[in-house]
Amino acid sequence: MKLFRPLAVVLAVAALALGAATQRASAQAAAPAGAIATVAGMPPVPDRNNLYSETVAGRLSPAVAGALERVYVPNRSDNTVSVIDQATLTVVDTFKVGMHPQHVVPSWDLQTLWVANNAEGRADGSLTPIDPKTGKPGKAIPVDDPYNLYWSPDGKYAIVVAEAHKRLDFRDAHSMKFEFSIPTPSCDGINHADFSIDGRHVLFTCEFDGGLAKIDLVNRRVVDTIRLSPAFDRAGAMDGKKMPGMKAMPGMPQDVRASPDGKLFFVADMMADGVHVVDFESFRQVGFIPTGVGAHGLYPSRDGKSLYVANRGSNKIRGSAHGKGSVSVIDFATRKVVANWPIPGGGSPDMGNVSADGKYLWLSGRYDHEVYRFDAATGAVDKVKVGREPHGLAVWPQPGRYSLGHTGNLR
């Protein structure tokens, strides 16, 4: 008996090891040579050198068939959403939503647009669904502090960015039933995000402490949090030490986007007036690109070659109208600014996205109560008046197979 029990254990362990090896071999056999090994349930990566390959102009999913060509604008101070007809540049509808709508977010399956009403300083936050085929809202679902909204790469969970609580709340992607949280105590003002090419990690900006957090979605934990600085390559800049002749470098990181190959992440900083560049693998800052006053929103062009930077025109959370707002165009390959588009008369471009055909960049005018439509070839600007303090607008429909959240981070 003393010999039999250990032998049984050995055989059981061997069987488990064999099963795990078989599963790994099956997964490797299913993936073509050189393919990205993604997390379970995430759609495959067709081009490892361009994670935006499925969001090129015109490549619309059958899932968005019948969707109205509209721009949905959350007006934070009015607690409304303005609906703009893309063809006529006119507001065709305005409806009430919850308190302080911040962003309009396409669902992972592209069937619903969710308005994130975070009710700042209150306990009545909510998510309002919009049917993109009718442009009409449905019944809101109570959700605690939904400042922003993302989706797990497998489409299973909604990731509610509970900014005021320094945590990420994971909910069922359809019912919004709470499942679990990942605390982010070292990320004050957890804000915007983008995902690694394989879906294992997500990087979140920490708006109020100048940082960037790397989170392991598989093991549900924060891996590391780093500080960002325009003077990243100067001694003492990254450890908080002020060297002789070096001014303090306050930061307020905002939007973040991956390079086409997923190796670098670009982070807009509205205090630093530019974009930080972070190496994903080492999780260290490797560059800084000056753009314009109040760098805020980041949007790849439809060909995946350029990154549009919305410079909000102010370093303040509550800025003034007619500021030095502009859009900078960064070439992904060279990491250089190749164009700057000012707004005649000033403005405050904030959040938005690119039209399905890639011809226009739509951005909210946060402090000017208007929406801008930039011509992607010339930088010429059209304006549409909306409600007070428009924020994270969504252009719909957009090309892509699935949404990772925000105002349309599709892949």
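User: Over how many bridges do strand E23 and strand E24 pair?

Analyst: This is a predicted model, in which local features need pLDDT of at least 70 and side-chain atom pairs count only at pLDDT 80 or more, while totals for chains, interfaces and linings use all residues. Residues are numbered from 1 along each chain as its sequence is written, and side-chain values use heavy atoms, with hydrogens and water left out. Strands (E, at least two residues) and helices (H or I, at least four) are DSSP runs numbered from the N terminus, and two strands pair if DSSP finds at least two bridges between them. Strand E23 covers residues 326–331 and strand E24 residues 336–342; they pair in the antiparallel sense, and the number of bridges is six.

User: Which residue of the hairpin of E23 and E24 takes a positive phi?

Analyst: Within this pairing, Ile330 has Val337 in E24 as its bridge partner. The hairpin has four residues between the strands. The residue with a positive phi, near 60 degrees, is Arg335.

User: Is the pair of Tyr52 and Phe332 stacked or edge-to-face?

Analyst: Rings of Phe, Tyr and Trp (its six-membered ring) pair if their centres lie within 6.5 Å; planes under 30 degrees apart count as stacked, over 60 as edge-to-face and the rest as tilted. By this rule there are twelve aromatic pairs. The centres of Tyr52 and Phe332 are 6.4 Å apart and their planes stand at 20 degrees, so the pair is stacked.

User: How many residues apart are Tyr52 and Phe332?

Analyst: Buried means under 20% relative accessible area, exposed over 50%, and partly exposed in between (1.4 Å probe, protein chains only). Tyr52 is buried at 2%, and Phe332 is buried at 9%. Tyr52 lies in the loop between helix H1 (4–30) and strand E1 (70–75), whereas Phe332 lies in the loop between E23 and E24; the pair links distant parts of the chain, and the separation is 280 residues.

User: In which strands do Phe170 and Phe180 lie?

Analyst: Phe170 and Phe180 form a stacked aromatic pair, with 4.5 Å from centre to centre and 10 degrees between the planes. Both Phe170 and Phe180 are buried. The pair ties together parts that are ten residues apart in sequence, because Phe170 lies in strand E11 (residues 167–172) and Phe180 in strand E12 (residues 178–183).

User: Which residue lies over the face of Phe180?

Analyst: A charge sits over a ring if NZ of Lys or CZ of Arg is within 6 Å of the ring centre and within 35 degrees of the ring normal. Lys214 lies over the face of Phe280, at 4.1 Å from the ring centre. For Phe180, at 3.7 Å from the ring centre, the residue is Arg220.

User: Is Ile182 buried or exposed?

Analyst: Ile182 is placed in strand E12. Contact means heavy atoms within 4.5 Å; leaving out residues up to four places away in sequence, Ile182 touches several residues, including Phe170, Arg220 and Arg221. Its relative accessible area is 2%, so Ile182 is buried.

User: What distance separates the side chains of Ser82 and Asn75 in their polar contact?

Analyst: Ser82 lies in strand E2 (residues 80–85), and at 3% relative accessibility Ser82 is buried. A polar contact is a pair of N or O atoms within 3.5 Å; within protein, one must be able to donate a hydrogen and the other to accept it, and residues adjacent in sequence count only if both atoms are side-chain atoms. The polar contact that joins the side chains of Ser82 and Asn75 is 2.9 Å.
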